[in-house]
Amino acid sequence: MAQNIYDQPAFFEGYSSLPRSVHGLAGAAEWESVRALLPDLAGRRVVDLGCGFGWFARHAASEGAKSVLALDLSENMLARAKAETQSPAVRYETADLDRLELPEGAFDFAYSSLAFHYIAGFDRLVRTIHAALVPGSSFVFTIEHPLYMAPSVPDWAEVDGRTVWPVDFYLVEGPRTTDWLAKGVVKHHRTLGTTLNALIAAGFVIRHVEEWKPSEAQLVAHPEWQVELNRPMFLLIACERP
């Protein structure tokens, strides 16, 4: 079973104060890049894996999705998502993505934002998603970039007057326990190659891979983000089920 860190009070309180939690999709630095990868959602049956506060589920409904099944393990997240959703097209359910079962051929689009790096069984999960999509469907997801989450001490360091992101144990895959918003947060590190090959083995065709960086406009608005050019924080992947 995946770690339900979002229902721990200290973590949930900290997460709720993040810009993406307060301002939704507009508060997510990578959203404009993600939105460029999305298909036309009108009339589609969407599954949102790790829906959090339901920001994307509501976006999909506003774009005309026929239905949105939004799944999350956290009861705290789902309670807020339900409270803030009026669209009858959106249905929220509790689900552990490490044990996920979905009906075959039930969806036209699958989406996930920053959830899969908490999942141990990525291979099984992407096979389940593949089977749940009809041929010709798209699958778009984001995760923490493997270079971002690999280090034993994931933090900036000063070396010879330069700010660097020191990476160690990149090729040693498996759990990483860090203190982020709360102590003992468990993530599952996989190399970029392992992630892409799992998608290929499941039968997906990869059409776009993006190691996200701030745009020029974002750097003007947020000069402090210049340091983000030293390493990618997010990995964006779009693929299709033939």
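Strands β1 and β4 pair in the parallel sense over 3 bridges. Pairing here requires at least two DSSP bridges between two strands, and strands are DSSP runs of E of at least two residues, helices runs of H or I of at least four, both numbered from the N terminus. Before going on: this is a predicted model, where local features need pLDDT of at least 70 and side-chain atom pairs count only at pLDDT 80 or more, while totals for chains, interfaces and linings use all residues. Residues are numbered from 1 along each chain as its sequence is written, and side-chain values use heavy atoms, with hydrogens and water left out.

Back to β4. V47 has A110 in β4 as its bridge partner. On to β5: β4 pairs with β5 in the parallel sense, over 6 bridges, and Y111 has V140 in β5 as its bridge partner. How many of the 7 residues of β4 are buried? The count is 6, so β4 is largely enclosed by the rest of the structure. Buried means under 20% relative accessible area, exposed over 50%, and partly exposed in between, with a 1.4 Å probe and protein chains only.

V205 has E240 in β11 as its bridge partner.

Next, helix α5 (residues 75-83). M77, L78 and A81 are buried there. Seen down the α5 axis, the buried residues fall within an arc of 95°, so they line one face of the helix; the arc is that of the directions from the helix axis to the C-beta atoms.

Last, the cysteines. A disulfide is a pair of cysteine sulfur atoms within 2.5 Å, and the count comes to 0. The sulfur of C239 is 20 Å from the closest cysteine sulfur, in C51, too far for a bond. C51 counts as buried at 7% relative accessibility, and C239 at 0%.
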